[in-house]
Amino acid sequence: MPRTCDAPRTAPVSPASPAELVADCLAGSQRAWAALVEQYSPLVWTVARSHRLDPVDCEEVYQLTWLRVYQSLARLHSPHRFPAWITTCARRESLRQYQRAGRYVPVGDGSVLDRPAADHGPESTLLSRERRSEVLLALSGLPARDRALLSLLSADPAPGYDEVSRRLGIARGSVGPLRARALRRLADGLRAQGVPVAAGV
């Protein structure tokens, strides 16, 4: 019986780092740009949704954020900090869109208020913005699947586990455990920033 040859085994290719993707983009690689957009689009959407903008405004924020990134990528001094940088870009575009729309005021606990009452002083507003920035920075440090999962589950309205399973290509029974692990990693990221996190998170 003739001996069959097994196909050569190749080591799995690890995903490119943000710095590598940025460098390839600046070198003109369309594939690197597509990978950058695919990897960080969930993060941009999460930032926009955290400001409780409506879907049309979120789409505007998404498009403008990537336009700013495209225009400014060559001026990024620390490519390894791309996740934090695009978070800041998306937050600024969200605030601009909020000012243009003039409809919602996001607060620290994720709820939405009408125009702030007279007793909402600058300290309260600053603390709310700082807390949101800390959460978004910790979110930007999570693996891509964690960001995508938390982005989906934080949508309003949130899709069911069947829809999450279909979109992310994971078993339905894995959604809950993966969500719990993603939240733990998010909490660890916040603690690393020195941000207090409730016990049990």
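**Charged pairs, then the packing**

Modeller: R166 has 58% relative accessibility, so this residue counts as exposed. Keep in mind that the model is predicted. The partner of R166 is E163, and the two form a salt bridge with the closest N and O atoms 2.7 Å apart. E163 is partly exposed, at 25% relative accessibility. Both residues sit in helix α7, 3 residues apart, or about one turn of the helix. The spacing makes sense: an α-helix has 3.6 residues a turn, so residues three or four places apart point the same way.

R172 forms a salt bridge with D162, and here the closest N and O atoms are 2.7 Å apart. This pair links distant parts of the chain, with R172 in helix α8 and D162 in helix α7 (residues 161–168), 10 residues apart. D162 is exposed, at 52% relative accessibility. R172 is partly exposed, with a relative accessible area of 46%.

How many salt bridges does the structure hold? The count is 6. Another of them joins the side chains of E93 and R68, at 2.9 Å from N to O. E93 belongs to helix α4 and R68 to helix α3, 25 residues apart, so far as sequence goes a link between distant parts of the chain. Is E93 buried or exposed? Its relative accessibility is 2%, and the cut-off for buried is under 20%, so E93 is buried. R68 is partly exposed, with a relative accessible area of 31%. R96 joins in as well: R68, E93 and R96 are linked in a network of salt bridges.

Helix α3 covers residues 55–72, which is 18 residues. From first C-alpha to last, α3 reaches 26 Å, close to the 26 Å expected at 1.5 Å a residue. At the start of α3, a side-chain oxygen of D54 comes to within 3.2 Å of the backbone nitrogen of V56. The buried residues of α3 are D57, C58, V61, Y62, L64, T65, W66, V69 and S72.

Leaving aside neighbours within four places in sequence, W66 is in contact with W33, L36, V37, Y40, S41, V44, F82 and I86.

The structure holds 5 aromatic pairs. One of them is W33 with W66: the ring centres are 5.6 Å apart and the planes stand at 85°, so the pair is edge-to-face. This pair, too, links distant parts of the chain, from W33 in helix α2 (residues 30–50) to W66 in helix α3, 33 residues apart. Ring pairs join W33, W66 and Y70 into a cluster.

Which residues have the most contacts inside the largest nonpolar core? They are Y40, W66, L73, F82, I86 and L139, in a core of 26 residues. At least two residues of this core come from each of α1 (18–26), α2, α3, α4 (82–101), α5 (122–140) and α8 (172–192). The most come from α2, which gives 7 residues. Another core lies apart from this one; it has 7 residues, among them L152, L153, V175 and L178.

Methods
Residues are numbered from 1 along each chain as its sequence is written. This is a predicted model: local features need pLDDT of at least 70, side-chain atom pairs count only at pLDDT 80 or more; totals for chains, interfaces and linings use all residues. Side-chain values use heavy atoms; hydrogens and water are left out. Helices (H or I, at least four residues) and strands (E, at least two) are DSSP runs, numbered from the N terminus. The expected span of a helix is 1.5 Å times one less than its number of residues. Buried means under 20% relative accessible area, exposed over 50%, partly exposed in between (1.4 Å probe, protein chains only). A polar contact is a pair of N or O atoms within 3.5 Å; within protein, one must be able to donate a hydrogen and the other to accept it, and residues adjacent in sequence count only if both atoms are side-chain atoms. Rings of Phe, Tyr and Trp (its six-membered ring) pair if their centres lie within 6.5 Å; planes under 30 degrees apart count as stacked, over 60 as edge-to-face and the rest as tilted. A nonpolar core is a set of buried Ala, Val, Leu, Ile, Met, Phe, Trp, Tyr and Cys residues joined through side-chain atoms within 4.5 Å. Contact means heavy atoms within 4.5 Å. A salt bridge is a side-chain nitrogen of Lys or Arg within 4 Å of a carboxyl oxygen of Asp or Glu.
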